[in-house]
Amino acid sequence: MKPPTLIVCLKTVPDPEGPPSSFEVHPELKKVVPSGIPPVINPYDENALETALRLKTRWGARVMAVSLSEKPMVSILRKALTVGADDLILLEDPNFQDLTSLSTARVLCAAIKKIGCYELILTGRQAVDWESGQVGLLMAEMLNIPAVNLAQAVALEEGKIIVEKLKRRGHEVVSASLPALITVSSEAGELRRPTLRAIQETRKKPVTVWKADDLGIDPRGLKKMNIRELSPAPCRARACCFLEGESAAERGRNLALKLREDRVL
Amino acid sequence: MCRLFFPDQSILGPLTDVFRRAVIPTEAGIQKRNEEVNHRDPILVLVEAEGGRCAPITFELLKAGSELSQEKGDTLCVCILGHDVSGLAEEIAWYASRVYVVDDRSLSRFQPDLHAAALYHLCLYLKPRCLVMGHTYENLEMAPKLSGRLGTDLVTDCIRVERDQGTGHLLCTKPVYGGHAQAVFELDTFPQMVLIRPKGYKPSAKDHSKGEIIPLDCRVDVSPTLSESIASVPGERINLDQAEAIVSAGRGVRNAEGIGEIKKLIGTLEKYFDRVELGASRPLVESGLLPRSRQVGQTGERVAPRLYIAVGISGSIQHLTGMVGSGKIVAVNRDRDAPIFGAADYGVVGPFEEVLPALIEGLEELS
């Protein structure tokens, strides 16, 4: 098989591992403003990138990372190059802010068409900001290619992919003809760490920026998410009754008594 | 009998081309459809089946659907896609005004492309105002395909749906940013498509009258779908969502001995509850100690048992999202500052290896 071209779609999000206090919810702006936490590549997109890099190891594939944002995020996205991606294409335009899933998919598809030839597109199963989980599948619809959702493992064969797709219980093995698109779940494995060699090569790797104009997209045709309200998460706090006792064992025993006393049991 | 025709390969060429060419809608087309929406158009609920019967989530969807339809006096309709579903139709007819049945052998097994195709044509025929579906693994794949073909926005993982009294637009509430915030999305394209997460609504009650069952005579396109299922690997059959009590293990439960200790607690709790299950946090599942079907959390199962005991779970928002609805929550953790205690009713600080045996002993004596 000739070395295939794999396109991975990446999004930057506020670090989901940040403490709750770092997600400042501004109802009047209808925005969540991260404070004190850096943007990172969406974790599921990292799983997708890792999946692509494994296929690269096996087949000598070319891995192209594509990312859509309203402002420059190149410092964050360069990480993709340091772990082994070959190209970074940034779709950067102020008009790309807060797009609906359908509009996001449209812009990404315009970039894919501009890239031209590819065998496989990989996206994360969802982004951990708006959690819509639709863009990948919508892209496949627009590009008229097969899509497999929630991949945990992928094998590439001549002209097709074999994908293990998560089900609620167990998984299904699905085959699809190429070109195809898969959305990748965390079960696929964490992104590798950068290698010294890849870091050194990063400087030579191309970083391309395309604006709406370069993609032939009329911003007036793009739709923004229609958010009526944004509020902090409803209070989940409960008044925790800590069990007393000299030792952990005594506290455990007192828990049994307390649960009985409160008629939980 | 209504006649509903699905594209036939012999006439129209391969499925892939048929759809996409006919379907990716133009801006003008969307605009026109939005203007055509009639306030009397039905609210359509997609039935979820499980082993030949309605899955529990179906009744929750019906509750959401009936609340929406009552606001403006719309008709509540349901549709069933599948094969040999007359029993299902009889069961569900007591919950809605009309039951549309698309019965075809090709729909007996879930195939996202075929199901999306069937629903697409159903939507063109019925012109529903809203299409209410469950946030299930299957619909997570099928619904975006349908949304792409219909050119309408979709909101996934909603916990509540309402209608704007003035515009009639659908307002969909869903947790965002990993549960740190909650957003209300306004849908203004038709059909308004929404996936509702399990356990968000109470199940709907039977209606006093039986609805009409309307079979749709259709030929479903059986040309090769875009992807093909080769094998199915069954996971463990676990019904976490139906458990009365759940004991979940987290990262703090490091090994099989720890799991063994938790299983002992489960054995004891079975004297108090009918169904007690073992759950897990995502890190524990990723460590390989327990299967994914036991994972409680945002990307796992959403549960709401009467009693939830979290052992060695720090309480990431990912996990809390999956179990906040529980009746009483107990946390056992070494770290007094672990966020899990903030979400718990009862807390025990200490190593679980010491806490659980004493708890089990206490429970045994009380039983």
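Residues are numbered from 1 along each chain as its sequence is written, and chains are lettered from A, as ligands are numbered from 1, in the order in which they are written. Because the model is predicted, local features need pLDDT of at least 70 and side-chain atom pairs count only at pLDDT 80 or more, while totals for chains, interfaces and linings use all residues, and side-chain values use heavy atoms, with hydrogens and water left out.

**Stop 1: chain A**

Select chain A, whose C-alpha atoms fill a box of roughly 70 × 45 × 40 Å along the principal axes. Chain A holds six helices and 15 strands, where helices (H or I, at least four residues) and strands (E, at least two) are DSSP runs numbered from the N terminus. Of the 265 residues in chain A, 55% are buried; buried means under 20% relative accessible area, exposed over 50%, and partly exposed in between, with a 1.4 Å probe and protein chains only. Of the contacts in chain A (heavy atoms within 4.5 Å) with a separation of 6 or more, 72% are between residues 24 or more positions apart.

**Stop 2: the interface**

Show both chains and select the contact between them, which takes 79 residues from chain A and 99 residues from chain B. Chain A and chain B bury about 7500 Å² between them, 52% of it on carbon and sulfur atoms; buried area is the accessible area (1.4 Å probe) that two parts lose on being put together, summed over both. Glu141(A), Arg168(A) and Arg238(A) supply 12% of the area that chain A buries against chain B, more than any other three residues.

Across this interface there are 46 residue pairs in polar contact, both residues at pLDDT 80 or more. A polar contact is a pair of N or O atoms within 3.5 Å; within protein, one must be able to donate a hydrogen and the other to accept it, and residues adjacent in sequence count only if both atoms are side-chain atoms. On the side of chain A that touches chain B, helix H6 (residues 248–261) of chain A gives the largest share, 11 residues.

**Stop 3: salt bridges**

A salt bridge here is a side-chain nitrogen of Lys or Arg within 4 Å of a carboxyl oxygen of Asp or Glu. By this rule there are 38 salt bridges over all chains, and 12 are found across the interface of chain A and chain B.

Begin with Asp164(B) and Arg228(A), whose closest N and O atoms are 2.7 Å apart. Then select Arg253(A) and Glu361(B), a salt bridge with its closest N and O atoms 3.3 Å apart. This pair crosses between chains, from helix H6 of chain A to helix H11 (residues 352–366) of chain B. Arg253(A) counts as partly exposed at 30% relative accessibility, and Glu361(B) is also partly exposed, at 46%. Salt bridges that share partners join Glu141(A), Asp113(B), Lys145(B) and Arg149(B) into one network.

Within chain A, select Asp129(A) and Lys11(A), whose side chains meet in a salt bridge (3.0 Å, N to O). Asp129(A) lies in the loop between strand E8 (120–124) and helix H4 (135–143), and Lys11(A) in the loop between strand E1 (5–10) and strand E2 (12–14), so the pair ties together parts that are 118 residues apart in sequence. Asp129(A) is buried, with a relative accessible area of 6%, whereas Lys11(A) is partly exposed at 31%.

**Stop 4: the cores**

A nonpolar core is a set of buried Ala, Val, Leu, Ile, Met, Phe, Trp, Tyr and Cys residues joined through side-chain atoms within 4.5 Å. The largest has 47 residues, and those with the most contacts inside it are Trp130(A), Ile92(B), Val132(B) and Ile196(B). Helix H4 (residues 56–72) of chain B contributes the largest share of this core, six residues. Another core, of 37 residues, lies apart from it and includes Ala245(B), Val253(B), Leu278(B) and Val330(B).

**Stop 5: backbone details**

Select Leu178(A) and Pro179(A), which are joined by a cis peptide bond with omega about -5°. Pro179(A) is in the loop between strand E11 (171–177) and strand E12 (180–184) of chain A. In chain B, the peptide bond from Phe190(B) to Pro191(B) is cis, with omega near -5°.

Finish at Arg263(A), which is not a glycine but has a positive phi of about 60°. Arg263(A) is found in the segment after H6 of chain A and is exposed, with a relative accessible area of 73%.
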